[in-house]
Amino acid sequence: MLAGRVKTTGPYSWNGNANTIQTHLTSTFTRLRGRGLKTGEVDALVAYITSLPPPPATAAADQKKLARGHEIFLSGEAACATCHTGATLTDGVQHDVFSAKEIDDQKEFNTPSLHLVGGTGPYFHDGRYATMADLLKSTSGTMGKTSHLSPADFDALQTYVESL
């Protein structure tokens, strides 16, 4: 989902190798063997993408659950905020989270922003996780730590992350 997410979430691409949306689009068109767009057309596309308003906020969840999820997110025990930090919820750094497949040209991936992440599934650079719960369970130990959480704490963390 691009709506409401691209203005402040650079660097762009899963590899984090594009400092501007224009650079990312141009390299993507080239990588996909497309003819690309003229500079004015790329600028118009970027203007359109960045003008898209974010989707409306979802109904407020249980505030106690959100507060608990926020606490877990920030804790060293779960370590989510180690990489997903600051106003954009990304450190803008590439990390090897041991997820690369044979087809991937790099092992390290840019930390994606979690802004509006609840509406962006499927998750991961290749869409391998259908739900946030799948992602949080399957990446424990390589991207944060969730396997030790009680079912209630896991649910609170998932609820919080999906509310960002």
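**Briefing: the chain and its helix α1**

Of the contacts (heavy atoms within 4.5 Å) in the chain between residues at least 6 apart in sequence, 55% join residues at least 24 apart. This is a predicted model, where local features need pLDDT of at least 70 and side-chain atom pairs count only at pLDDT 80 or more, while totals for chains, interfaces and linings use all residues. Residues are numbered from 1 along each chain as its sequence is written, and side-chain values use heavy atoms, with hydrogens and water left out.

**Overall make-up**

- You'll find 5 helices and 2 strands here, taken as DSSP runs numbered from the N terminus (helices H or I, at least four residues; strands E, at least two).
- Reading from the N terminus, the order is α-α-α-β-β-α-α.
- The chain has 164 residues, and 34% of them are buried (under 20% relative accessible area; exposed is over 50%, partly exposed in between; 1.4 Å probe, protein chains only).

**Helix α1**

- Helix α1 spans residues 21-31, and its buried residues are Ile-21, Leu-25 and Thr-28.
- Looking down the axis of α1, these buried residues fall within an arc of 65 degrees, so they line one face of the helix; the arc is that of the directions from the helix axis to the C-beta atoms.
- Thr-30 and Arg-31 are exposed, on the face of α1 turned away from its buried side.
- The cover over the buried residues of α1 includes α2 (39-51).
- After α1 comes Arg-33, with a positive phi near 65 degrees.
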